Amino acid sequence: MEFDQVIFCCEVIRKHLIVNKHYHLQLLQNKILIRENLEHIAKYEVVLNLKQQISWKIGENHKIKEFGIRYNNKLKWFKGISDQLEQLKQRISNKIFMTGISNFYSSHDQIGTGASCKVIMIKDYATQISYAAKCVSKEYIRKKKTSDRFDRLVNEIEILRTLKQHPNLIKLQELYEGENSYYLIFEYLEGETLHKFIKNRGHLLTEPIVRSILQQLLLGIRQCHQQNIIHRDMKLENVVLTKLNKIDNIKIIDFGLAIFNTPEIPFSICGTPGYIAPEILNYEENKYKSEKFIYTPQIDMFGIGAMLYRIMTREPLFNAEKTKELLHKNQKCLYTKRSITQYSSVLNLILQGLLEFNPKKRISADQALEILQSQSINQITQRNESTNNINQTEEFQIQTSTDVIQTPYLFPNRKIKTELAFLHSYHINEDRICQSGKSYLPSFSIRQSLDIEHDSLIEETERDQVLEL
Ligand SMILES: Nc1ncnc2c1ncn2[C@@H]1O[C@H](COP(=O)(O)OP(=O)(O)OP(=O)(O)O)[C@@H](O)[C@H]1O
Ligand SMILES: [Mg+2]
């Protein structure tokens with residue numbers, strides 16, 4: 001039966017002192033089988049998962065000569081034809097951690113920093129093609145006693161691997177493990193984040209540009225939602241332009257908080273303050289034990305709404321000096337609602353549909369795309385009739401809809417405050433963060449404790465040492 005599933009095969013040799021041994025290598029969907037003879041059972045078996053490692057030896061011109069697997073606690077090396085081993089590597093490269101990243105890539109500038117990682121540009125020695133390496137230090141993973149952080153890394157990888165290739169979603173290429181870090185290798189996006197793109201422009205973007213950005217965000221997130229994946233951290237910093245200053249192709253990145261949407265997912269407040277769907281902040285676990293929180297793709301739609309608001313006004317959706325105030329406004333969905341006259345009523349109505357307080361009434365990616373593409377205002381005006389009587393200029397509180405949330409929940413302030421106490425960044429709003437030179441707002445997840453511990457990250461000056469041999 002296993003023979004039917006063979007997706008690649010080749011001959012490999014193990015060097016022995018007297019006579020070398022020849023083996024058949026077969027690559028199946030989830031494992032590599034190596035046997036002397038096709039009639040025999042496999043002598044070596046490598047399951048392709050993130051607990052296993054595969055090593056490579058390279059020769060001249062960075063061509064692969066041998067690969068190594070762990071067997072009975074020893075590294076066993078197999079020789080093969082370079083081109084075939086290269087094909088093997090390409091087929092397994094995002095299913096298993098590989099060693100020896102420095103054999104394949106040179107390390108260049110740091111291009112990003114996140115809560116748990118540094119992102120550096122690397123160049124393939126053989127092709128000179130650039131890639132982005134998201135480096136997660138093992139020290140950071142180990143700092144937490146439980147396996148949480150490693151599990152989250154594994155989850156991020158699983159989700160990235162599951163996502164079908166899409167022009168508006170980042171593609172994971174390879175995985176490496178060094179002594180000190182894990183490396184996720186992505187296609188390299190030359191442009192800036194959407195946050196920087198907007199910030200660098202001193203003026204509002206034109207209607208066609210806003211439409212193009214919105215359409216791409218919707219297409220990307222629709223692909224995730226169709227695959228039952230929720231991103232949970234949609235924000236301007238997690239969208240990157242493929243080419244500098246060009247919005248023809250933008251990609252959603254950072255699936256660090258993403259989940260496969262199953263009912264078993266435990267509740268955790270997660271996302272970035274200012275972009276979090278209010279239903280998350282309004283749910284209080286202990287008080288409403290019987291009502292289990294079910295994540296819906298609509299939480300991403302609210303995030304896109306907050307992004308669109310920023311794009312259309314150049315201001316954050318919720319203006320606040322302190323984290324507490326920001327979270328409070330975010331929870332109650334308190335923002336200055338106005339018709340943004342520089343843009344069409346279609347964009348304004350989509351914005352309103354995305355920022356709908358009630359997740360059941362909030363528009364989906366499909367609906368938003370339909371409206372954007374058909375340009376029809378009727379559909380959305382009907383859908384939002386109930387919210388259209390809102391004061392157009394003053395700050396307002398969107399009424400809690402009675403069909404989903406019966407009673408207004410108490411703000412779980414104490415819990416969030418305790419959890420956020422060490423996240424200094426949350427005590428200044430986004431603009432002040434920008435002034436202070438940081439251009440990102442880190443994400444957080446209370447249950448998963450995605451904390452900010454910059455001391456565990458490798459300093460910029462040590463960048464050159466990031467890639468390990
Ligand atoms: N493929 C890429 N090409 C270019 N730049 C990238 C790429 N991936 C990430 N970056 C840059 O690195 C920054 C951090 O990356 P990312 O958002 O994935 O990490 P993060 O926010 O730390 O994620 P997490 O908190 O989940 O670990 C991005 O905001 C972006 O500027
Ligand atoms: Mg990020």
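A residue is buried if 20 or more other C-beta atoms, placed from the backbone, lie within 10 Å of its own, exposed if 12 or fewer, and partly exposed in between. This is a predicted model, in which local features need pLDDT of at least 70 and side-chain atom pairs count only at pLDDT 80 or more, while totals for chains, interfaces and linings use all residues. Residues are numbered from 1 along each chain as its sequence is written, and chains are lettered from A and ligands numbered from 1 in the order in which they are written.

Q: Which residues of helix α9 are called buried?
A: In α9 (residues 323-332), they are Thr323, Leu326, Leu327, Lys329, Asn330 and Gln331. Cys333, with a positive phi near 60°, follows α9.

Q: What makes α6 roughly antiparallel to α8?
A: The axes of α6 (residues 207-226) and α8 (residues 298-313) come within 11 Å and cross at roughly 165°. Angles over 145 degrees count as roughly antiparallel, so α6 is roughly antiparallel to α8.

Q: Which residues of α6 meet α8?
A: Val210, Ile213, Leu214, Leu217 and Ile221 in α6 meet Asp300, Ile304, Met307, Leu308, Ile311 and Met312 in α8, contact being C-beta atoms, placed from the backbone, within 7 Å. The contact has 10 nonpolar residues, no polar and 1 charged.

Q: Which of the 22 residues around ligand 1 come nearest?
A: Gly112, Gly114, Ala132, Asp254 and Gly256 do; a residue counts as near if its C-beta atom, placed from the backbone, lies within 6 Å. The elements giving two or more residues to this shell are β9 (105-113), β11 (130-137) and β13 (181-187).

How values were computed
Axes fitted to C-alpha atoms, helices over the stretch in contact; angles between N-to-C directions. Helix = DSSP H or I, 4+ residues; strand = E, 2+ residues; numbered from the N terminus. Parallel < 35°, antiparallel > 145°, perpendicular 65-115°, else oblique. Contact = placed C-beta atoms within 7 Å. Nonpolar A, V, L, I, M, F, W, Y, C, P; charged D, E, K, R; others polar.
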